[in-house]
Amino acid sequence: CRKARELLLQNGLEVTDRDFFKETFSESEIRELAAMAGTENIFARRSPSLKKLSLADKELSDDEMVKLMLQEPKLIRRPLIKVGGKLMVGGGTAAVEAAIAEAR
């Protein structure tokens, strides 16, 4: 995520970091992020935390995924990067560069 942060800063975009393990998301915040990218896209389906809950192979509704992300922040994919009105899930360089180009 450091690379993504550096790219954003180098291109004059404001960056605000949030450790959502310490400052957890509210239900409305998770639903807003889900509306931007899709609940399935922000849900960490391959997280060991999901396996510990014996839910790794279970089909989950959007509401169930939101509830689980509220209970266990490790189930939220990282990093989540908002650029303009878009949400990027993951910090791949190509995706960050595309978001920067769109923000201009």
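This is a predicted model: local features need pLDDT of at least 70, side-chain atom pairs count only at pLDDT 80 or more; totals for chains, interfaces and linings use all residues.
Modeller: Residues are numbered from 1 along each chain as its sequence is written, and side-chain values use heavy atoms, with hydrogens and water left out.

Biologist: Happy to start with helices: how are H1 and H6 oriented to each other?

Modeller: Helices (H or I, at least four residues) and strands (E, at least two) are DSSP runs, numbered from the N terminus. Axes are lines fitted to C-alpha atoms, for helices over the stretch in contact, with angles from 0 to 180 degrees between N-to-C directions. The axes of H1 and H6 (residues 93-103) come within 10 Å and cross at roughly 20°. Angles under 35 degrees count as roughly parallel, over 145 as roughly antiparallel, 65 to 115 as roughly perpendicular and the rest as oblique, so H1 and H6 are roughly parallel.

Biologist: Which residues of H1 and H6 make the contact?

Modeller: Contact means heavy atoms within 4.5 Å. H6 brings Thr93, Val96, Glu97 and Ile100, and H1 brings Lys3, Ala4, Leu7 and Leu8.

Biologist: Thanks! Why are H2 and H5 called oblique?

Modeller: H5 spans residues 62-71, and its axis comes within 10 Å of the H2 axis. The two cross at roughly 130°, and therefore H2 and H5 are oblique to each other.

Biologist: And what classes of residue make up the contact of H2 with H5?

Modeller: From H2 come Glu27, Ile30 and Arg31, which meet Asp63, Val66, Met69 and Leu70 in H5. Ala, Val, Leu, Ile, Met, Phe, Trp, Tyr, Cys and Pro count as nonpolar, Asp, Glu, Lys and Arg as charged, and the others, Gly among them, as polar. By class, that contact has four nonpolar, no polar and three charged residues.

Biologist: What is the volume of the largest cavity?

Modeller: On a 1 Å grid over the protein atoms alone, a cavity is a set of points where a 1.4 Å probe fits but cannot get out, a pocket is an open set with protein on both sides within 12 Å along at least five of seven lines, and lining residues have an atom within 4 Å of a point. Points are joined across faces, edges and corners, and a volume is the space filled by probe spheres set on them. The lining includes Ile30, Met69 and Leu70, and the volume is about 30 Å³.

Biologist: Which residues are closest to the centre of the largest pocket?

Modeller: The largest pocket has a volume of about 780 Å³. Of its 26 lining residues, the closest to the centre are Thr16, Asp17, Arg18, Leu80 and Ile81.

Biologist: How many charged residues are in the lining of that largest pocket?

Modeller: H1 (2-10), H2 (27-37) and strand S1 (80-83) each give two or more residues to this lining. By class, the lining has 14 nonpolar and two polar residues, and the charged ones number ten.

Biologist: Lastly, which residues does the cis peptide bond join?

Modeller: Look in the loop between H5 and S1, where Pro79 lies. Omega is about -10° for the bond, and the residues are Arg78 and Pro79.
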